[in-house]
Amino acid sequence: MMDNMTYPVILTLMMPKDTKSYRHVYFICFLALYVLILSINIRLVMVIVMEKALHEPMYIFLGHLCVNGIYGASGFYPKMLFDLISDSYVISSNMCTLQTFVIYSSLLSEITILTVMAYDRYVAICKPLDYHSKLSKNTCVKLVLLSLLVSNSLSVASVLLSKLRPFCKYHIDKLYCDNWSIVKLSCASNFVNNVLGYAMAVLFLSFIVFIIVSYFKLISACKASLENRKKFWQTCLPHIFSLINFTVAYLFDIMYSRYGANDIPESLRNFLALELVIVPPVFNPLIYGLNIRAVRKRVFTSCVASRVNVSQTIKT
């Protein structure tokens, strides 16, 4: 048993299947995914920042969601790409803790901001006259900061509890570090970690319940007004897709981390592990960019303008 707070501990990670044969193929695929995540999220954030018409609460929260997607993806892809190019699947305990913090604070921040976005849609459709008073720019900033405070505080507490535990095993059966995988490396009692985990699960479920209740009220409000129904389909449908997408990915991760077993095929285990770091950061900007007319119009206009500028530069 080794005290990982005192001595540098090197941990091994799971190797992707058939790494020797397909290592460079994996590298190209993960690099393409990372570039895609960066490009579509940065493009959407730039459009929101540069277009004054999009300086509204819903788009401010959407911008935060995209920045959070970049942050979370950066906790996984650079390390995975380095492992593939170097063909060495090891990580120090300190870097493992950092990776866990980045990925999990990103996930917690995503569910909190999705909850805030549900509240935004509830006020916009059910109480339109109070919208600008209840969701002023100052309030939006406070809500974004609150989501960051909640997610980072819970992540720090969870990661520290795992970090303080002495290791007696040194292999993580996953492509990246997560909190429960670190907990399982210790032979000490995991009672406190379980209590915190259940508390976070209750908090997660409370966010989901809040969102569901707000949507029941939204649906009842939309029955009486054609305009509200249009607003619902244009702005709430992407939010519902994002929430379902995130919830399914999160449940897959819990199933893999807590209940994963060696009798599950390795390809399925890898899929469950990667679902959380691939699907939300790719599909969130695509869902919103394609479904919300104001965003879609301005993204398309900016893309056309940039292509025209590039062609004019080449001609000159």
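Author: Thr247 has its place in helix α9, which covers residues 226-259; helices here are DSSP runs of H or I with at least four residues, strands are runs of E with at least two, and both are numbered from the N terminus. The model is a predicted one, in which local features need pLDDT of at least 70 and side-chain atom pairs count only at pLDDT 80 or more, while totals for chains, interfaces and linings use all residues. Residues are numbered from 1 along each chain as its sequence is written, and side-chain values use heavy atoms, with hydrogens and water left out.

Thr247 counts as buried because its relative accessible area is 18%, where buried means under 20%, exposed over 50%, and partly exposed in between, using a 1.4 Å probe and protein chains only. A polar atom of the Thr247 side chain lies 2.7 Å from the backbone oxygen of Leu243. If neighbours within four places in sequence are left aside, Thr247 is in contact (heavy atoms within 4.5 Å) with Phe204 and Ile208.

Those two partners lead to another stretch of the chain. UniProt, in an unreviewed entry, lists several stretches as "transmembrane region", including residues 195-216 and 237-259; such annotations may be inferred rather than shown by experiment, and their positions are given in the numbering used here, with feature names shortened. Over residues 195-216 the chain is 100% helix and 0% strand, with end C-alpha atoms 31 Å apart.

Helix α8, residues 191-222, is in turn among the elements that cover the buried residues of α6, as are α2 (57-74), α4 (93-126) and α7 (179-183). Those buried residues of α6 include Cys140, Leu143, Val144 and Ser147. Helix α6 has 27 residues, 137-163, and at 1.5 Å a residue it should span 39 Å, which agrees with the 38 Å between its end C-alpha atoms; the expected span is 1.5 Å times one less than the number of residues.

Turning to the whole chain, the secondary structure comes to 11 helices and 3 strands, and 46% of the 316 residues count as buried. Among contacts between residues at least 6 apart in sequence, 79% join residues at least 24 apart. One such set of contacts belongs to Tyr176, whose partners, again leaving aside neighbours within four places, include Leu13, Phe76 and Asp253.

Technical notes
A polar contact is a pair of N or O atoms within 3.5 Å; within protein, one must be able to donate a hydrogen and the other to accept it, and residues adjacent in sequence count only if both atoms are side-chain atoms.
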